[in-house]
Amino acid sequence: MITLIFFVQRLTGDPTFLLVPETATQADIDALRNTLGLDRPLFVQYLSFLQQIASFDLGRSVVQNVPVSTIIASRLPYTLQLAAGALTVACGLGIPVGIVLALYRQSAAARMLAGLVFAAQSMPTFWSGIMLIMLFAVTLGWLPPSSVGGFENLIMPSVALGLLSMATFARITRTAILDELTRDYVRSARARGARTGRLLVRHLARNAAIPVITVAAIEISNLLAGAVIVETVFAWPGLGQVTVQSILSRDFMVVQGVVLMGAFVTIALNLLADILYSAVDPRIRLDGVRR
Amino acid sequence: MFPIHKNIIAGTVGLLIALSTGSVLASKDRFVVDLVNEPSSLDPHVQWNPDSYAVYRNVFDNLITRNNKGEIVPQIATSWKQVSDSVVEFQIRTDVLFHDGQKLTAEDVAYSVRRITDPKFGSPQLGQFDKITKAEVTTGNTVRLTTNGAYPALLAQLVKLSIVPKAVVEAVGKDAFNLKPIGSGPYMFQTWQRGVQVTLVRNEKYWGTKGPFPTAVFRAVPDAATRVANLQAGASDLAVTLNSDLVAPLKNAPKAKVLAEPTERVAYVRLNTTKPPFDNEKIRQAVALAIDKAALVDGILGGFDKPVGQMLTKAHAGWTPDLPAIPFDLKKAQALVKEAGPAAKLEIEMATSPVFDQRIVQAIQQMLVDAGLNVKINMSDMASYLKRAQGGPEVVPALSFGRWSCACLDADGVLFPLLHKGSPWSAYRNPKADVQLEAARQTLDSKKRIDAYRSVNQMVNQDVPLVPLYQSAAIYGAARGLDWQPTPDESLFLNRMTYKD
C-alpha cells in the first residue's frame with residue numbers, strides 16, 4: 001500500500017513546480033529539486049524512505065518545512081474530536097431509528113422516518129453543511145459558522161458528517177433486529193408475556209449488536225480517514241483536509257505519513273471490534289468461531 | 001456540477017440574508033482575516049504564496065515597498081542610488097527595532113539578501129533574487145548590492161525582500177525561526193495554532209504607521225462559501241479570494257461589503273507554435289479572433305475583470321499604452337480556419353487545471369468550436385499541469401489556459417519566461433523576439449525598455465503564441481466598517497487599513 005502511494009505520487013508530478021515562482025529558470029528548478037533530494041533515482045528515494053520508516057521517522061514536509069509527525073500530531077486531535085462527535089450523532093440517532101423501523105415497520109411513522117433517513121443520506125455534505133451554516137450561524141446566530149474553538153464549534157460539523165453514517169447505522173440495526181425477531185427465543189419471550197421494552201433490552205440488544213459493532217469499526221475508520229468535504233466546509237483542521245492539500249501540492253512525505261497512520265488505525269479498530277464481539281457474545285470467546 | 005453548486009449557494013445565501021436578523025459583531029480589538037489556507041511558512045525567505053505573504057508581510061519590513069498607487073517607495077531603505085549599471089547603494093533607516101528590542105542594522109539587510117540568494121538555503125524564491133551576486137555593508141548604514149549585469153527589475157523584486165534579524169536567525173536556526181519569527185514590522189507574531197489560525201499582536205513601538213487593531217487573526221477557511229458565511233455572521237472582517245457569484249449577496253448585506261481591484265494577473269491562452277495545427281499561423285490567428293473576451297468578462301465573471309490586448313497591465317513597468325487589440329471577429333476566424341483546410345481539423349488539446357475557472361475554459365472551447373476548430377479539454381491537477389507547461393515545446397500542450405503573475409509588476413517577469421527560448425515555459429521560437437527580450441532585460445533606460453516590449457507585444461499579436469484574455473480582479477468581502485484599498489499586487493497590509501463602526 002505504502003509502496004503504491006510512494007510511486008504513484010512521484011510519477012504524477014513534482015512539488016518543485018508548485019514551489020518556485022513563475023519566473024524561475026530551469027536552473028532554479030533543478031537547484032531546488034536537488035536541495036529537496038527529488039533529483040535522485042526513484043529507487044534511491046524509495047530505499048531512503050524505507051530506512052526512515054524503519055526508524056519511525058515520517059520525514060519532512062517540503063511545503064511547510066516541518067516534520068510530518070508535527071503536522072499529524074497537530075491535526076489528529078481535531079480529527080478525533082470530529083469523528084467522536086459524528087459517531088455520537090450517527091449512533092445516537094441511527095440505532096434508535098433502526099430499532100423503531102424494525103419494531104414498528106408497518107406504521108406510517110416508520111415510513112416517514114425511513115424517508116427522513118433516506119434524505120439525510122442523500123444530501124451531499126457540501127450542500128447540507130453550508131445550509132446548516134446559513135441557518136444556525138448566519139440567520140439564527142446560535143452557533144459559530146466555522147473553525148474550531150469550544151464545544152459549540154463541534155456541533156454543526158458533527159451533525160453534517162454524522163447524518164451520513166446515521167443512515168448506515170439505522171439500516172444495519174433494522175436488519176439485525178428483524179433478523180432476531182423471527183427467532184425462537186423471541187417467540188418464547190413473547191409467550192412468557194415479555195413486553196417490547198424488556199424484550200429489546202434483555203434479549204435483542206446483545207444479539208443484534210454484533211453486526212452493528214462491525215459496521216461501527218468500518219465507519220470509524222471512514223470518519224478518521226478524512227471527512228474531507230465536511231472539514232473543508234467548516235474550516236475544520238482535520239487530517240482529511242491536510243491530506244487533500246498535500247496530494248494537490250505533491251507534498252509526498254505528508255501523504256505517506258497520513259496513509260501509514262490510517263493503515264495502523266484501521267488495523268487497530270478491527271482488532272478492537274474483534275475483542276468487543278467476545279465481550280458482547282461469550283460464545284465467540286469460548287469456541288473461537290462464531291456460532 | 002461545480003458552477004451550479006455555487007449558484008445554488010449564492011441564491012440561497014441571498015434568500016437567507018433577506019430573512020436574517022442581527023447577531024454578534026466581531027470586536028475590532030480583534031481583526032479576523034479569512035485566508036484560503038494557513039501560511040506555508042512564516043519565515044519570509046522560505047515559502048511564498050498569497051496566504052503566507054498576507055501574514056508575514058505584516059510581521060516583517062521590506063527593504064522597499066509599493067504604496068497604494070503602485071509606486072516603489074522607501075521602507076527600511078530611506079533612499080537608493082544607482083552607482084553603476086550593476087551596483088545600487090541603499091541607505092538604511094537607523095531608528096528601526098526588531099520585536100526582540102534589538103536594532104535593525106545594515107548588516108541585517110545584507111545578511112537577508114545573502115540568505116535568500118544562497119543556493120544551499122534552497123529558497124523557492126531564489127529565482128526572484130538570483131541576479132544579485134553580492135550584498136555588502138560599505139559604510140555604517142549603506143548596503144551595496146551588485147547584480148549580474150544591469151538588472152532593471154531589481155527594485156521591483158526587492159519589494160518582496162523581507163529583512164530578518166541576523167543574530168536571531170543564526171542563534172535559533174531555520175526551523176525554530178519559522179515557528180517563531182521575529183521581524184521589525186507593525187505586527188508581532190504571537191501564536192500559530194496549526195491548521196487553524198495565526199495570531200499577531202500590534203507592535204506598539206513600530207517606527208512607521210502603527211496597526212489599527214491590537215490583535216489580528218489569520219484563519220484558514222478553505223471553502224469560499226464558508227468565508228462568505230463568516231462575513232455575514234460577523235465572525236470575520238475580511239475574506240480573500242472570492243468570485244462574482246459568491247459576493248453577489250454581500251452587495252446588500254447588512255454587515256458586509258465587496259471590495260475589488262484589478263490585479264497584475266492576466267489570464268491567457270497559450271499556443272504551442274511548434275506543433276500542428278498551431279505551426280500554421282492562420283490557425284493561430286483564428287484562435288485570437290474567435291475569443292470574445294468581453295463576453296467572458298461580462299457574461300461569466302460578473303464584470304469585475306478587464307479584457308486586455310496584451311499580457312501586461314497598466315501597473316506593469318514596460319506596458320505598451322497604444323497597442324491595438326485584436327478584435328473579436330468570428331466570421332474572419334471561420335474564414336481563416338476554412339482557408340487552412342484539413343490541417344485545422346486536427347484534434348486540439350486544451351490543458352487546464354481545477355485551480356482555474358472551468359466556466360471560462362469551457363466557454364473558450366465553445367468559441368473555438370464555433371470557429372470550426374476541434375478542441376478537447378484535458379484537465380489535470382496543478383502539479384501535473386505545471387510539469388507539462390514547463391516541459392518545453394515537445395511537451396507543452398497544443399493549447400493551455402492559465403493565469404500569469406510574476407508578483408513583480410515588471411514586463412520582464414511576464415514576457416521573458418513566456419516567450420524567450422531559454423525559459424522552460426516557452427513554446428515559442430522567434431529569434432527576433434528573443435533579441436528584444438534580452439535587450440530590455442539588460443538596460444536601465446526605461447524608454448528603450450518600453451520600445452522593446454512594444455515590439456514584442458506587436459509580435460505576439462501578429463504571431464499569436466499567446467492570446468491575452470483579461471486582467472483578473474481580486475475580489476474580497478469585508479466588514480462594512482473596514483476602509484481599505486486593495487492593490488494590484490494583492491498585498492494585505494494591516495497598517496494601511498482603518499475601521500469605524
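Author: Let's start with a pair of residues in chain B: Met188(B) has Val201(B), in β9(B), as its bridge partner. Before going on, keep in mind that this is a predicted model, where local features need pLDDT of at least 70, side-chain atom pairs count only at pLDDT 80 or more, and totals for chains, interfaces and linings use all residues. As for labels, residues are numbered from 1 along each chain as its sequence is written, while chains are lettered from A and ligands numbered from 1 in the order in which they are written.

That bridge belongs to strands β8 (residues 187–193) and β9 (residues 197–202) of chain B, which pair in the antiparallel sense over 6 bridges. Strands here are DSSP runs of E with at least two residues, helices are runs of H or I with at least four, and both are numbered from the N terminus; two strands pair if DSSP finds at least two bridges between them. β8(B) and β9(B) make a hairpin with 3 residues between the strands, and there Gly195(B) takes a positive phi near 80°.

Another hairpin is worth a look. β6(B) and β7(B) form one with 4 residues between them. Strand β6 (residues 132–137) of chain B runs antiparallel to β7(B), joined by 5 bridges, and Val137(B) has Val143(B) as its bridge partner in β7(B). Strand β5 (residues 87–92) of chain B is also antiparallel to β7(B), again through 5 bridges; here Gln91(B) stands opposite Thr142(B). Strand β7 (residues 142–147) of chain B has two faces: Val143(B), Leu145(B) and Thr147(B) are on the covered one, while Thr142(B), Arg144(B) and Thr146(B) are on the uncovered one.

Most residues other than glycine have a negative phi, and most peptide bonds are trans. Thr241(B) isn't a glycine, yet its phi is positive, about 55°. Thr241(B) sits in the loop between β11 (238–239) and α9 (244–247) of chain B. Thr241(B) is partly exposed because 18 other C-beta atoms lie within 10 Å; the rule says buried for 20 or more other C-beta atoms within 10 Å, exposed for 12 or fewer, and partly exposed in between, with C-beta atoms placed from the backbone. Leu409(B) also has a positive phi of about 55° without being a glycine, and lies in the loop between β16 (399–404) and α15 of chain B. Leu409(B) has 26 C-beta neighbours inside 10 Å, so Leu409(B) counts as buried. Then there's the peptide bond from Pro276(B) to Pro277(B), which is cis, with omega near 0°. Pro277(B) is in the loop between β12 (256–271) and α10 (281–290) of chain B.

Stepping back, chain B comes to 17 helices and 19 strands, and 53% of its 501 residues are buried. Its C-alpha atoms fill a box of roughly 75 × 65 × 35 Å along the principal axes.

Chain B also touches chain A: 55 residues from chain B and 47 residues from chain A take part. Contact means C-beta atoms, placed from the backbone, within 7 Å. On the chain B side, the largest share, 6 residues, comes from α1(B). A caution about that end of the chain: over residues 1–27 of chain B, pLDDT stays under 50, although the model has 39 contacts there beyond four places in sequence. pLDDT is the predictor's confidence in each residue, from 0 to 100. Where it is low, the predicted coordinates should not be read in detail. For chain B as a whole, the mean pLDDT is 89, with 95% of residues at 70 or more. The model's scores are ipTM 0.77 and pTM 0.83.

One last stop is Leu415(B). Setting aside neighbours within four places in sequence, Leu415(B) is in contact with Met311(B), Leu437(B), Tyr453(B) and Val456(B).

Terms used:
Contact = placed C-beta atoms within 7 Å.
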